[in-house]
Amino acid sequence: MQPAHQILKTTFGYNEFRHNQADIIQSLLDGQDAFTLMPTGGGKSLCYQIPALVRDGVGVVISPLIALMQDQVNALRQLGIQAAFLNSTLDQASQQQIEQSLLDGALDLIYIAPERLMTERMLSLLDQTRVALFAIDEAHCVSQWGHDFRKEYQQLSILHERYPDVPRIALTATADRRTRAEIITQLNLQQATVFLNSFDRPNIHYAVSEGQNAKEQLWRFIQREHPQDAGIIYCLSRKKTESIARWLAGKGRLALPYHAGLPSEVRQRHQERFLREEGVIIVATIAFGMGIDKPDVRFVAHLNLPKSIEAYYQETGRAGRDGEPANAWMAYGLQDVITLRQMMQEGDANEQFKRIALQKLEAMLGLCELISCRRQALLAYFDETLAAPCGNCDNCTRPPRTWDGSVAAQKALSTIYRTNQRFGVNYIIDVLVGKDDERIRKNRHDQISTYGIGDEHTGAEWRSIFRQLIAQGYLSVDVDGYGALKLTEKCRPLLRGEQRLELRKMARPEKIKKEKRAQKQQELRTIDTPLFEALRALRLSLAQEQGVPPYVIFHDTTLAEMARTRPATPDAMRYISGVGEQKLKHYGRQFLQEIAKHPLPELLDNHLSDTINETLALHQQGKDAEAIAQQRGLKPATIYIHLAEAVAAGCLSARDALPLDDAQYAEIVNAIELLGTEEDGSLKSLYEALDEQYDYGVLRCLLAGCQINP
Ligand SMILES: [Zn+2]
């Protein structure tokens, strides 16, 4: 493992392996096959990149993501790795050149799409090449049960027969138990060691709300939590992506649509801007995002229901890959459920496929309508147990209220029955609330016993009730395309009054999550912010010069560490996570120069804790203890303790720290001397001796001053 560690440190700039990366790498180095499940952002690609560098020969990476190969390869070249890709976007000459370097053994890694790999030409090229390993990325594409089936993947089993001595690693970030089993069978990986990582993404906050005014809800969410952040919004239809993008642009955000119907150069341009500029929002159909490696996507929003939990997990997994707090937000409504059911039933897929798709949709709906911890349910879907509720999902932080919906459900179901199960949800609601409507009169449905018996609920409330009835399988939606609601077998006990039905109450408007935002801001101290911004600007200009995304140069987390620790020499720079030799060589000088332009103020060049320095920095801006306390969300007493420590450390004189006039100052100092407080340290007797007119914090600071300058 020695060489692997060395490469981790010098090439990638990290000190330690994460999760079970080390075990996976070891097994490939031993020549064994591996099957790896690792959540997005877990460091999947290092698992094959490092062994490919250690072992003789070229690592062949099979990936369906042609559009992203260029970026993946660029990122590797930044690290000084000899990487290339072969796909249809290259011209003849470049292809030949790459094939030649392959034959010359000049490449460390090559990325190929599965359909190209399977060509005789490519296979015979590989026959003449020394192959270090095969990495099959997005391996769930091989499974029909999985949500992203690709036929060409099924031919990959050939690799095992043709190159029995070359170790293979299959990787995926999303696969339930059945998909995993299928991957192993289809790819002949029975001998492989299986490495299962937790699917948990603890930094992602999950929330699902009702589809009422979804657009407005979305805007409030973005404004409140992500006023400047990059994010992805998923919609079901192409038209909707465009209208939402326009609408957001009208509100002053840089928002771009992305869907399969746009010309490919427009798609490409929008994706590039998302990757290369700061704070861009992409509004996309599901066509967007697979393999997107942008670490600082701060939110993923769904304006429609995803088709399956895997899809939801994968799409939301694009948020927060850097491990910083991120949001997965969804609003879905009744119409989503109806549309998706119809799409699935009408499609021309075979019956088995439809059944699978419907089951997956049921599971997704179950997750949405849940009243307990969403993370527990999400992980349970992937056969993982989370012992306690997570505390970082909407149901944990604001437990939903429920109500006994049995009677309402009976009214709804019997109205459907009495109108012969021929009508859609809007009509049924009109009957329930007793709307004066010509169509209802013509059908004589104003004569039935349930006409108008539901006016205790608003239309919106009824929609919520129907959504839950459909989600829980009491109602099905007819295939004929008109969306008529039908009763299912499951209704009987409910209609007979033998069963109670607990329903979610409609949610109240979301409350602001104060703690979370405060936490995020704390990671960068006020004092470091200007330097951090300067480093980001430098990164952006370097990225633009080279035509690569900024994060390919350094991640935000790396820049933040630079801003905090302010390395002054290349050697000190080496200790920063994410700085490898190649990047140090290319960028070290420029970033060191920028850091040198921002020396730490003398006042803050000390060994006090971060929180004290934060207080000091604000104090230096002329703020008093009260103002600092308010800004930092701390008690004034805490701020005085900080100031007292700074006084005790000699960073600050007690005089400067406190808003006292000469007389007050003298009065307290005299009292301290008189009482001998310096020796006994009793603030209480000092406080009482001064008639309780000074705050304990003020006294504490002055006492600290007297103790160092007796
Ligand atoms: Zn939870």
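**A loop residue and its setting**

Author: Asp691 is exposed, as 7 other C-beta atoms lie within 10 Å. The model is a predicted one, in which local features need pLDDT of at least 70 and side-chain atom pairs count only at pLDDT 80 or more, while totals for chains, interfaces and linings use all residues. Residues are numbered from 1 along each chain as its sequence is written.

Asp691 sits in the loop between α35 (683-689) and α36 (696-708). Helices (H or I, at least four residues) and strands (E, at least two) are DSSP runs, numbered from the N terminus. The phi of Asp691 is near 60°, a positive value in a residue other than glycine. Most residues other than glycine have a negative phi.

His19 also has a positive phi, near 45°, and is not a glycine. His19 lies in the loop between α1 (2-12) and α2 (21-29). With 17 C-beta neighbours inside 10 Å, His19 counts as partly exposed.

Strand β2 (residues 58-62) is another matter: five of its five residues are buried, so the strand is largely enclosed by the rest of the structure. In a regular strand the side chains alternate between the two faces of the sheet. In β2, one side carries Val58, Val60 and Ile62 and the other carries Gly59 and Val61, and all are buried. Strands pair if DSSP finds at least two bridges between them. β2 pairs with strand β5 (residues 131-136) in the parallel sense over five bridges, and Val60 stands opposite Phe134 in β5. Four bridges join β2 to strand β4 (residues 109-112), also parallel, with Gly59 opposite Leu109 in β4.

On the scale of the whole chain, there are domain 1 (2-196), domain 2 (204-397), domain 3 (402-504), domain 4 (524-599) and domain 5 (610-708), with bounds from an automatic or database domain assignment. The centres of domain 2 and domain 4, taken over C-alpha atoms, are 32 Å apart. Six residues of domain 2 are in contact with seven of domain 4, contact being C-beta atoms, placed from the backbone, within 7 Å.

Notes
Contact = placed C-beta atoms within 7 Å. Buried ≥ 20, exposed ≤ 12 C-beta atoms within 10 Å, placed from the backbone.
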